[in-house]
There are 2 protein chains.
Amino acid sequence: MGQKLESRERIVRSSARLFLSRSYNAVSVDELCTAAGVRKGSFYHFFPSKSELAKAVIDLHTTALLDRLEQASGQSPAERLHGLADAVGTIQTGFENRFGRIVGCPFGNLASELATADEELREHLATAFTRWEAEFAALCRQAASAGVLRDGVDPERLARALLAQAQGQILLAKVSVTSASEISRALHELVDAHLREGY
Amino acid sequence: MGQKLESRERIVRSSARLFLSRSYNAVSVDELCTAAGVRKGSFYHFFPSKSELAKAVIDLHTTALLDRLEQASGQSPAERLHGLADAVGTIQTGFENRFGRIVGCPFGNLASELATADEELREHLATAFTRWEAEFAALCRQAASAGVLRDGVDPERLARALLAQAQGQILLAKVSVTSASEISRALHELVDAHLREGY
DNA sequence: ATCCGTCTTGACCGACCAGTCAACTAGGCA
DNA sequence: TGCCTAGTTGACTGGTCGGTCAAGACGGAT
């Protein structure tokens, strides 16, 4: 038994925080242990390696993201699409408040750093992105069958474009230190650009 | 005097390669030196620190990118906008051929990993992105004054959206190991989505 | 011939890295 | 009571990290 929270969960949560505030390679296992209030032996009781912890951190973010996207609902398909933009913005605003600045996307950060260096982690991230994209695609398909998308817009490709736009805008906001509201604004514009006039 | 190439330039070039194939923190100064055929003392003769080398690597990529964007020309503003998509695709195809896979964007990779960890590097990357964005914005403004953009499309915001889309698509391609042609295809679609019908 | 600035060499540093281990503690259960 | 298992502890390892340094090599100018 841990103190308030189980040790394992404390490790994952505080690691998520540290990975976001700096990066995977920039944070040592020692520092992760200190932040979690745990000795190194305990850490390696729960996780066979640092990269295995990273997978757990990814899973934590995945469930959090999927929850957030579920909550974000609107009436019409067009509103639901705009709801996506708001959801991403809300998440990023949350990070902004917790860290005092834009720290990037948990998935995007790890993907940039590790996709070419750790094949297992790359695969893990790929499935996380796939689930994310699937959520987007479901809403895009709804919009398509409701006929609110412009002619010739493929819902699957729009979903990927939205995901890419989110990743790119988050990255640009991180490097140029702008606010999270810019991110959702850009996403709203991208949604509008693909909706039929009047929606 | 170095062998064929000056030592400094060999260090920068081979470091650019190694940073792309893995990541900044995943490559040690020792490895950078070995790859460049240089002893550590020489390395620190040219660069006061590893992060200072990173700045030189960024500068190398910046001049290469700006050259590539300059070459990419078309007749009409619409063609020039599509030329951007091709230029990004060409660069990524080049990396794909050299490395055997998508390795990401040199700027994006470093930005994700270091923007929150090294303030000087973050600033350096920010100005690199600004110059990149300025190139895009110039073409978008041309398109706007030629009247080929859809009503209500702000050229400056379109430039940023294109840049973000490029970054996001490159990241997604890297993590899901798709080909570079997907990246330019997505950019072409985004351009089309903002051009008036018939252009 | 000598001097000087640029570049190179190789040995060296302390700090830190991810990961290991045997011994210990504490609860659940028979 | 005694045992089993999950979790904890702290000391330890060997290798690597970014970075330093004194001594030298080399070519161009004087």
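A polar contact is a pair of N or O atoms within 3.5 Å; within protein, one must be able to donate a hydrogen and the other to accept it, and residues adjacent in sequence count only if both atoms are side-chain atoms. In this predicted model, local features need pLDDT of at least 70, side-chain atom pairs count only at pLDDT 80 or more, and totals for chains, interfaces and linings use all residues. Residues are numbered from 1 along each chain as its sequence is written, chains are lettered from A and ligands numbered from 1 in the order in which they are written, and side-chain values use heavy atoms, with hydrogens and water left out.

The side chain of A:T116 reaches the backbone oxygen of B:R22 at 3.1 Å. A polar atom of that side chain also lies 3.4 Å from the backbone oxygen of B:S21. A:T116 has a relative accessible area of 13% and is therefore buried, a term for values under 20% (1.4 Å probe, protein chains only).

Turning to the interface, 45 residues from chain A and 45 residues from chain B take part in the contact, where contact means heavy atoms within 4.5 Å. Of the area that chain B buries against chain A, 19% is supplied by B:T116, B:R157 and B:V175, more than any other three residues. Buried area is the accessible area (1.4 Å probe) that two parts lose on being put together, summed over both.

Four salt bridges are counted between the chains, each a side-chain nitrogen of Lys or Arg within 4 Å of a carboxyl oxygen of Asp or Glu. B:E182 forms a salt bridge with A:R157, with 3.5 Å between the closest N and O atoms.

Note on methods. Buried < 20%, exposed > 50% of the residue type's maximum accessible area, 1.4 Å probe, protein only.
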